[in-house]
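Thanks, everyone. I'll keep this brief. Here is the structure.

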Amino acid sequence: MTTPEELFETARKASAKAYAPYSKFPVGAALLTEDGQVFAGANVENLAFPEGICAEGVAIGHMVMGGALKIKAAAVYAPRLALCPPCGGCRQKLAEFSDPDTKVYLCDDGGVRETVTVAELLPHAFQTGEIG
Ligand SMILES: O=c1ccn([C@H]2C[C@H](O)[C@@H](CO)O2)c(=O)[nH]1
Ligand SMILES: [Zn+2]
């Protein structure tokens, strides 16, 4: 059983691997999958600024390559006392592999500061209706 505190710790450790020389804002993400695996990611920036990748996207890439497609819970960590609520793109990416009530733990150096659901992060999410 992976606890929110364990996910926080995994996200915190992942942030140490961030490549963030431009923003100097390292972020770590940890994903617990429904089959009990944990995948981590950190942001990877680029001199061509828009080409940077967020921590959540890196973690999702690891998860998919690890053969898992369903997030049970996620943690996103930013250092000091600066929470990193996922950016808009990451909200859409998390929603792709979650349920609306999947929990996302927002963490800083004090641990889990806020718990939100994917639906709270991305209300009125994009749907293709009868086309999809
Ligand atoms: O959801 C987010 C939002 C931002 N960042 C990263 C992108 C950039 O490298 C740094 C500053 O925006 O934080 C993430 O990793 N995840
Ligand atoms: Zn993002």
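Let's start at the ligand. Ligand 1 is surrounded by 14 residues, and the closest are Ser 23, Val 27, Asn 43, Cys 54 and Ala 55. By type, the shell around ligand 1 splits into nine nonpolar, three polar and two charged residues. Keep in mind that this is a predicted model.

Next, Glu 56. An unreviewed UniProt entry annotates Glu 56 as "active site". Glu 56 sits in helix H2, residues 55-65. Is Glu 56 buried or exposed? The cut-off for buried is 20 or more other C-beta atoms within 10 Å. Glu 56 has 28 C-beta neighbours inside 10 Å, so it counts as buried. Who does Glu 56 contact, leaving aside its neighbours within four places in sequence? The contacts are Ala 29, Gly 41, Val 76, Pro 86, Cys 90, Lys 93 and Leu 94.

Now the strands. Take E4, residues 103-108. Five of the six residues of E4 are buried, so the strand is largely enclosed by the rest of the structure. On one side there is E3, residues 71-77. E3 and E4 run parallel, joined by five bridges. In that pairing, Ala 75 stands opposite Tyr 105 of E4. How does the chain get from E3 to E4? It passes through helix H3, residues 88-96, in a right-handed β-α-β crossover.

E4 also pairs with E5, residues 111-117. This pairing is antiparallel, over six bridges. Here Leu 106 has Glu 114 in E5 as its bridge partner. E4 and E5 make a hairpin, with two residues between them.

That's my tour. Questions, please.

Methods:
Residues are numbered from 1 along each chain as its sequence is written. Chains are lettered from A and ligands numbered from 1 in the order in which they are written. This is a predicted model: local features need pLDDT of at least 70, side-chain atom pairs count only at pLDDT 80 or more; totals for chains, interfaces and linings use all residues. A residue is buried if 20 or more other C-beta atoms lie within 10 Å of its own, exposed if 12 or fewer, and partly exposed in between; C-beta atoms are placed from the backbone. Helices (H or I, at least four residues) and strands (E, at least two) are DSSP runs, numbered from the N terminus. Two strands pair if DSSP finds at least two bridges between them. A crossover is right-handed if, with the strands pointing away from the viewer, the path from the first strand over the helix to the second runs clockwise. A residue is near a molecule or strand if its C-beta atom, placed from the backbone, lies within 6 Å of it. Ala, Val, Leu, Ile, Met, Phe, Trp, Tyr, Cys and Pro count as nonpolar, Asp, Glu, Lys and Arg as charged, and the others, Gly among them, as polar. UniProt positions are given in the numbering used here, feature names are shortened, and annotations may be inferred rather than shown by experiment. Two residues are in contact if their C-beta atoms, placed from the backbone, lie within 7 Å.
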